[in-house]
Amino acid sequence: MELLRWHFHPELERPIVVVAFEGWNDAGDAASSAVRWFADRWDATPFADIDPEVFYDFTSTRPEVRIEDDARVIDWPANEFSATALPGSERDIVLMHGVEPQLRWRTFADLVLEVAQAFDASMVVTLGALLAEVPHSRPVNVVGTAYDQGVVTRLGLAPSQYQGPTGIVGVLHDRCRSADLESASLWATVPTYVPGAPSPKATLALVEKTAELLGEQVITTDLEIASASYERQINELVDDDEETQAYVAALEQRHDEALSSTEPAELVEEVERFLREFGG
């Protein structure tokens, strides 16, 4: 069985690979939505995917059936690679949008690494989103971490000293480290009291931080409009419950008081707390 299925081999020059997985490290669908947004905005072309057959427990991650042209079609968990050249830049980008697998993580991560190495990628950047005690009415915190001190220094990220349960993102970074391929991770925060709602506000924060890391400017008007609508809807829900009002007000006060003193290390600790509690 061919696990990595190439549709064609694009001509790319040392691209940066940006990866996001649906699943436990994608609160509010923020990370996966950010990668999809980039793929749409930059008109990325799909060129490869990973066969899901050996990586998923389909009783847990179930395929979906739909009707197309009067025929039943099954959509399996998709892990697709697409590529593009950034507008007005000589830099190439590979985008991967996937679903965290249940099985054979090392093999799966090595397939992602195989794509990166096929183009002599310069870096792998993973996007994630976590639930945290933050108010929806304030700017979204995004923390960037890396394991390599050179990457930390060059990109102004925070060093990660995390120990504990991990997911496919952690495994992928470990495989990158073993292959001497630079990597970094960006995480956005989503309020714990709206865990099931898609968060365009966190998506916007990840898009802006990723673009900053890439040295690119992006027009995010659509995400800004969606973020404003999201905040209004959450305001209405909060206003209907006095207990939630008090809780959010306390979060807002804590956020505002800590605004001038928050250190990157504190945000890293929030990411690491989330990983320890939910990473297994």
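Which side chain is joined to that of asparagine 79 by a polar contact of 2.7 Å? Keep that question in mind for the first of these close-up views, all taken from a predicted model.

View 1. Asparagine 79 belongs to the loop between strand E5 (71–75) and strand E6 (80–85). With a relative accessibility of 1%, asparagine 79 counts as buried, because buried means under 20% relative accessible area. Here is the partner we asked about: the side chain of tyrosine 56, which a polar contact of 2.7 Å joins to the side chain of asparagine 79. Look also for valine 99, whose backbone nitrogen lies 2.9 Å from a polar atom of the asparagine 79 side chain.

**View 2. Glutamate 100 is a buried charge with no salt bridge.** You can find glutamate 100 in the loop between strand E7 (92–99) and helix H2 (105–118). Glutamate 100 is buried, yet no salt bridge is found for it. The nearest side chain of opposite charge belongs to arginine 106, 14 Å away. What does lie by the side chain of glutamate 100 is the backbone nitrogen of isoleucine 168, 2.9 Å from one of its polar atoms.

**View 3. Six acidic residues form a negative surface patch.** The members of this patch are Glu236, Asp239, Asp240, Asp241, Glu242 and Glu243. Two helices, H6 (221–239) and H7 (242–258), each supply at least two residues of the patch. Take glutamate 243 as an example: this residue lies in helix H7. Glutamate 243 counts as exposed, because its relative accessibility is 68% and exposed means over 50%.

**View 4. Three residues make a nonpolar patch on the surface.** Val65, Ile74 and Trp76 form this patch, and together they have about 290 Å² of accessible area.

**View 5. Valine 190 and alanine 30 are brought together from separate parts of the chain.** Valine 190 lies in strand E11 (residues 183–191). This valine is buried, with a relative accessible area of 0%. Now find alanine 30, which is 160 residues from valine 190 along the chain. The C-alpha atoms of valine 190 and alanine 30 are separated by 8.6 Å.

Methods
Residues numbered from 1 in each chain as written. Predicted model: local features only at pLDDT ≥ 70, side-chain atom pairs only at ≥ 80, totals over all residues. Heavy atoms only, no water. Patch = residues over 30% accessible without salt bridge, like charges linked within 9 Å, V, L, I, M, F, W, Y side chains within 5 Å. Areas by Shrake-Rupley, 256 points an atom, 1.4 Å probe, with all protein chains shown as cover. Salt bridge = Lys/Arg side-chain N within 4 Å of Asp/Glu carboxyl O. Lys, Arg positive; Asp, Glu negative; His and termini not counted. Charge placed at Lys NZ, Arg CZ, Asp CG, Glu CD. Helix = DSSP H or I, 4+ residues; strand = E, 2+ residues; numbered from the N terminus. Buried < 20%, exposed > 50% of the residue type's maximum accessible area, 1.4 Å probe, protein only. Polar contact = N/O pair within 3.5 Å; in protein donor to acceptor, adjacent residues only side chain to side chain.
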